[in-house]
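Q: I've got a model open and I'd like to learn how to read a few of its features. Can we go through it together?

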Amino acid sequence: MDGMSLLTITVLAVFVGFEVVSKVSSTLHTPLMSGANAIHGIILVGAIIVAGQATDLWVLVVALLAVVLATANLVGGFVVTDRMLEMFRGRQRPPSKTEAAAGAVEERRP
Amino acid sequence: MTLLNPTWTALLYLAAAACFILALKGLNSPRTARRGNLIGALGALLAVVTVFVSVKLDNVPWILGAVAVGAGVAAPVARRVQMTQMPQLVAMFNGVGGGAAALVALLELSHTGDPWVRLAIVFTLLVGAVSFAGSGVTFAKLQGLMTTRPVTFPGLPVLMALVLLAAVGAGVAVILNGSLVLALILLVLGLTAGVLLVLPVGGADVPIVISLLNAFTGLAVAASGLVLGNVLLLVAGTLVGASGTILTRAMAAAMGRSVAGIMFGAFKGGSTAGSTAVSERPVRSSSAEDVAVLLGYAQRVIIVPGYGLAVAQGQHTAAELALALESRGIEVDFAIHPVAGRMPGHMNVLLAEANVPYESLKEMSDINSEFKTADVALVVGANDVVNPAAKTTSGSPIYGMPILEVSDARQVVFLKRSMRPGFAGIENELLYEPQTTLLFGDAKDSLTKVLGAVKAL
């Protein structure tokens with residue numbers, strides 16, 4: 001692809017990157033950072049290409065190391081983000097409050 | 001096996017890039033965040049499958065083995081990590097991503113003679129290495145492998161300047177002659193620069209540095225996209241670089257700091273101020289039973305959790321205490337400072353883990369006006385985020401940081417381990433106020449005792 005198209009794509013991606021996170025609340029800063037962290041693990045694609053074209057042994061070894069590191073970034077990043085978000089179930093107060101209230105009523109009954 | 005034609009490949013990469021944008025968009029709101037993350041993971045899976053069917057690859061069994069090793073190590077660690085240790089894990093994942101980008105760039109050097117491509121290689125090498133080494137140091141600081149206080153020594157700024165100059169020199173040489181040896185030297189210089197960059201950053205600012213290094217890795221990945229002529233890497237890396245920059249600024253703003261101040265403050269000796277001396281002035285300390293009486297006969301209690309709660313794993317006990325108080329008809333809220341914990345938003349994650357409902361976690365801007373109506377503000381393992389010095393002492397390292405106005409409450413109860421100052425190393429005047437009561441001990445033990453005493457009322 002020619003330089004001008006690459007530049008166009010880059011500039012547009014910068015604006016999209018600015019735009020998608022401009023209004024996020026501080027509550028979600030950590031998951032958002034972790035999610036973005038997982039996304040740059042896509043360097044795995046580059047590592048796979050380099051490893052797949054390696055002819056020297058040392059190149060292959062270094063490239064495979066890059067594959068291991070990139071996979072750890074990609075897979076670990078998405079899994080840990082999911083773990084964090086699992087906890088933001090939210091909307092649990094009504095049941096837990098009524099449960100507590102119900103418990104209190106039962107205690108009083110006898 | 002026939003390979004996918006370039007048009008289809010480009011379309012699949014485009015779909016993956018769209019997934020990444022939707023993922024970041026989804027992570028903006030609690031409702032859509034989890035789905036957003038899944039969409040991102042699907043995009044990544046799509047991209048990885050695409051590379052296998054669109055490029056002629058040798059060594060495929062080896063590559064699959066390496067993928068299995070990486071995933072086999074990372075996934076269980078990510079599944080099992082304690083939520084208190086999550087910030088350092090994120091730092092670690094970020095670092096290895098930067099390292100992978102640097103290695104990819106290094107190996108591509110022999111495949112090109114184009115000076116522009118070599119420029120992209122030099123950039124990826126340097127930034128990837130900075131991110132790798134810098135993340136390693138943040139990991140060590142957060143894991144407690146080294147001191148969390150800023151590490152400085154005379155001549156650090158000079159050394160840093162020399163390393164950067166040498167890196168620029170080596171970079172220019174690599175662009176001119178494509179020497180692998182010089183590229184390796186550049187890699188080492190990048191690693192050194194990464195260490196020097198993060199060493200002087202104080203513990204409380206480490207989360208912001210993680211975010212900054214995250215943006216760095218994004219930029220390194222984007223540059224590697226230019227090296228390999230891969231548009232997906234270019235787009236994904238640029239997205240992360242741009243959003244990471246915005247996020248870093250937003251986090252710094254939540255702490256009332258500037259990014260430049262955090263990165264270079266210690267070079268000027270700014271953020272190392274504060275004392276660790278323990279003052280001899282009298283304070284009012286009391287027993288768990290007294291605290292239970294204060295809480296049990298209040299009408300409105302606001303709990304201010306801090307990192308001390310998290311390290312003591314006391315979040316479940318805090319949640320139980322809140323329930324016990326509520327069953328006595330007391331209104332209980334949690335006031336969350338944006339930087340409580342070890343990462344912005346960390347405390348929300350920890351309390352959510354303990355099943356504290358999302359609705360009773362109040363953000364600083366919403367709760368600050370309500371401390372006036374509270375009978376008791378219960379500060380558990382927090383110090384700097386309630387320290388009035390942030391408002392009153394202009395020389396203080398935390399001056400300008402917005403704080404939770406706990407002093408507006410009728411009574412303030414601190415559950416503290418000792419009189420030692422908090423993370424930033426500054427004394428808290430609030431501890432000596434007449435309305436303040438202290439209960440010394442590990443946050444979880446103290447909470448358990450108070451909880452028992454409240455139930456016995």
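A: Helices here are DSSP runs of H or I with at least four residues, and strands are runs of E with at least two. Keep in mind that this is a predicted model. By that count, chain A has five helices and zero strands, so its elements read α-α-α-α-α from the N terminus on.

Q: How many residues does chain A have, and what percentage counts as buried?
A: Buried means under 20% relative accessible area. Chain A has 110 residues, and 56% of them fall in that class. The chain still exposes about 4900 Å², with carbon and sulfur atoms supplying 65% of that area.

Q: At what angle do α1(A) and helix α9 of chain B pack?
A: For helices, the axes are fitted over the stretch in contact. α1(A) and α9(B), residues 231-254, pack at about 35°, with axes 7 Å apart, and their crossing is right-handed. On the α1(A) side, the residues that meet α9(B) include A:L6, A:A13 and A:F18; among their counterparts in α9(B) are B:V231, B:L239 and B:I246.

Definitions and conventions. Residues numbered from 1 in each chain as written. Chains lettered and ligands numbered in written order. Predicted model: local features only at pLDDT ≥ 70, side-chain atom pairs only at ≥ 80, totals over all residues. Heavy atoms only, no water. Axes fitted to C-alpha atoms, helices over the stretch in contact; angles between N-to-C directions. Left-handed = near helix turned anticlockwise from the far one by under 90°. Contact = heavy atoms within 4.5 Å. Buried < 20%, exposed > 50% of the residue type's maximum accessible area, 1.4 Å probe, protein only. Areas by Shrake-Rupley, 256 points an atom, 1.4 Å probe, with all protein chains shown as cover.
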